[in-house]
Amino acid sequence: MTSTHDTNDDTHETYDVVVAGGGPVGLFLAGELRLGGAKVLVVERLAEVDVTIKAGGINTAGAVALYRRGLLPELAEAWERNRWRLQAFLGDRAADAPRTPPKFAGHFAGIMMRGDLFDDSDPAFADIGPADRVGLGVPQADLERILAARADRLGVEVRRGVELTGFDAGEDGVLIHLDCGRTVRAGWLVGCDGGRSTVRKLAGFGFPGSEPEITGYQAVVEMSGGERLGTGWNTTDVGTYVNGPFPGRILTVEFDGPPADRSAPVTAEELQAALRRVSGVPEVTVHEVRSSTRFTDNARQADTYRKGRVLLAGDAAHVHSPFGGQGLNLGLGDAMNLGWKLAAVARGRAPESLLDSYTAERHPVGAWVLDWTRAQVAVMRPDRHARALRRVVTDLALTREGTTYLVGQISGVRQRYDLPGDHPLTGRSAPDLEFSDGTRLGERLRDGRAVLFDLADDPKLRARAEEYGDRVDVVTAVCPGRPEPAGLLVRPDGFTAWAADGDEDRSDGLDDALARWFVATGGRARG
């Protein structure tokens with residue numbers, strides 16, 4: 001529910017969790033917290049959805065997370081709306097535009113992946129389900145609207161036009177000060193307030209990383225002379241530019257150091273000069289700027305994602321260049337991982353120590369993404385050594401093995417958490433198994449609860465989960481297409497906590513996995 005603030009009300013309202021930042025990550029996290037029963041307030045300084053051009057797509061891992069919460073139809077509708085913009089840009093080639101969302105491919109440093117070289121028999125891509133057909137080409141503003149509507153349906157309170165200005169964190173909670181003159185109390189505070197996070201700075205999180213060396217612009221403009229530009233990604237002696245995938249969308253990258261002032265408005269003259277320098281086309285003229293952003297390759301990561309009662313997620317926890325579109329998807333993964341854990345702790349259903357697994361699991365993923373973007377910057381540099389390296393990488397990328405490797409990394413399907421157990425599914429995103437009744441595994445996760453899937457009709461297996469009550473759902477099903485798994489314990493975030501095949505001891509490790517992640521209904525959460 002979106003509300004306006006009353007500056008004359010000085011009462012201290014109380015919430016389980018306050019989320020600072022109402023972008024896609026903050027809204028998705030708030031929804032996850034509500035699924036776990038937490039009372040949530042989101043404060044967002046912007047009064048409306050930010051339509052500034054940003055991330056242009058969701059990778060496979062991001063789409064899977066949204067699918068598991070029943071949001072695939074809305075994503076498909078958003079993709080369909082965006083397809084018409086692509087067709088307008090293609091002109092005579094409009095008939096070639098796909099009428100169904102393509103399987104996610106992406107690029108590495110502007111080196112485009114060829115779909116015909118992708119080996120979809122790679123085990124990492126097995127049983128992804130319908131989510132592998134949706135996501136690419138969904139603008140971030142559309143995703144934010146989808147997640148805002150979901151948050152409203154779940155009963156999340158969202159206050160727009162309200163900014164966090166400070167907070168006092170203690171052992172038992174956080175007192176949060178807002179710019180409207182009000183103060184609210186919460187058990188926990190999560191900063192989802194972007195790369196320049198106020199929460200991160202005030203809490204004193206370390207934020208080490210590497211200094212930027214590029215200035216980049218991404219914009220939607222009205223221009224003339226654009227027909228002289230190459231379409232898609234183009235590498236020149238000066239840097240890199242992108243033209244498309246819809247009319248007026250441009251991106252430039254120059255290796256001349258960071259901008260003097262990233263927050264200054266981007267002018268048409270500034271964009272035109274950059275585009276002319278990088279493209280070498282003096283005839284291109286920018287007449288109007290409809291949306292624009294300035295970016296660098298500043299790559300930094302919080303040293304931990306939690307300090308006491310304050311946590312970070314999304315860009316507040318890590319920043320990097322936008323190459324490869326990893327940032328939004330990384331933030332959605334943070335929210336999916338943190339939401340169920342923090343809700344359980346906030347509601348007294350799990351010990352605070354459960355939150356230690358948030359940093360332990362997500363920090364390595366963030367560190368990998370930072371290095372992935374750094375590697376792309378290295379391949380994009382205009383010096384002779386980097387250009388020689390780019391030719392080698394391009395040759396490798398245009399092989400079946402190279403394409404499959406790069407797509408696997410970009411899509412996020414190879415992510416694995418370091419969890420106890422030797423089964424190959426443990427620690428990985430659960431396969432979207434199709435059951436004999438026509439339902440799929442991902443559909444059983446929409447309520448945000450853990451599920452023990454008994455695939456061998458084993459009453460002893462089901463009995464193991466009885467003492468956990470409604471904290472662990474139990475589903476008995478038959479999976480004709482994958483008969484080898486006998487049981488799976490899937491956490492609320494969709495990752496496999498335990499698995500066993502038919503020829504194994506079906507109870508081996510299950511009790512430990514249940515106790516590790518959940519507290520029995522008769523038990524009590526301890527710190």
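Which residue caps the N-terminal end of α9? In this predicted model, the cap is Asp-383, with a side-chain oxygen 3.1 Å from the backbone nitrogen of His-385.

Helix α9 covers residues 384-397. With 14 residues at 1.5 Å a residue, α9 should span 20 Å, and the 20 Å between its end C-alpha atoms agrees with that. Its buried residues are Ala-386, Arg-387, Arg-390, Val-393 and Ala-397. Viewed down the axis of α9, these buried residues fall within an arc of 120°, so they line one face of the helix. On the face of α9 turned away from the buried side are the exposed residues Arg-384, His-385, Arg-391, Asp-395 and Leu-396. The packing partners of the buried residues of α9 include both strands and helices: β4 (107-108), β5 (111-112), β12 (232-235), β13 (239-243), α8 (356-380) and α10 (400-411).

Leu-510, Ala-513, Leu-514 and Trp-517 are buried in α12. Seen along the axis of α12, they lie within an arc of 100°, so they too line one face of their helix.

One of the strands packed against α9 is β13, and the loop between β13 and β14 (249-254) holds Pro-245. The peptide bond leading from Gly-244 to Pro-245 is cis, with omega near 15°.

Two aspartates have backbone angles to check. Asp-127, in the loop between β5 and α4 (140-154), has a phi near 60°, a positive value in a residue other than glycine. Asp-127 is partly exposed, its relative accessible area being 26%. Asp-457 likewise is not a glycine, yet has a positive phi of about 50°. Asp-457 sits in the loop between β20 (450-454) and α11 (459-464), and with a relative accessible area of 53% it is exposed.

Ala-78 belongs to helix α3 (residues 72-90) and has 0% relative accessibility, so it counts as buried. Leaving out residues up to four places away in sequence, Ala-78 touches Val-138, Asp-142 and Ile-146. Val-138 is 60 residues from Ala-78 in sequence, but their C-alpha atoms are 6.0 Å apart in space.

Asn-59 lies in the loop between β3 (40-44) and α2. Its relative accessibility is 4%, and Asn-59 therefore counts as buried. The Asn-59 side chain reaches two backbone atoms: the nitrogen of Gly-62 at 2.8 Å and the oxygen of Ser-411 at 3.4 Å.

Arg-300, in strand β16 (residues 299-301), counts as buried at 17% relative accessibility, because the cut-off for buried is under 20%. The side chain of Arg-300 makes polar contacts with the side chains of Glu-211, at 2.4 Å, and Asn-298, at 3.1 Å. Beyond its neighbours within four places in sequence, the residues in contact with Arg-300 include Phe-207, Pro-208, Gly-209, Ser-210, Ala-317, His-318, Val-319 and Leu-370. By contrast, the C-alpha atoms of Arg-300 and Leu-175, which are 125 residues apart along the chain, are separated by 28 Å.

Helices α2 (60-67), α7 (326-346), α8 and α10 each supply at least two residues of the lining. Which of the helices gives the most to the lining of this pocket? The answer is α7, with seven residues. Both α8 and α10, which contribute to this lining, are also among the elements against which the buried residues of α9 pack.

Definitions and conventions
Residues numbered from 1 in each chain as written. Predicted model: local features only at pLDDT ≥ 70, side-chain atom pairs only at ≥ 80, totals over all residues. Heavy atoms only, no water. Helix = DSSP H or I, 4+ residues; strand = E, 2+ residues; numbered from the N terminus. Expected span 1.5 Å × (residues − 1). Buried < 20%, exposed > 50% of the residue type's maximum accessible area, 1.4 Å probe, protein only. Arc of directions from axis to C-beta. Contact = heavy atoms within 4.5 Å. Polar contact = N/O pair within 3.5 Å; in protein donor to acceptor, adjacent residues only side chain to side chain.
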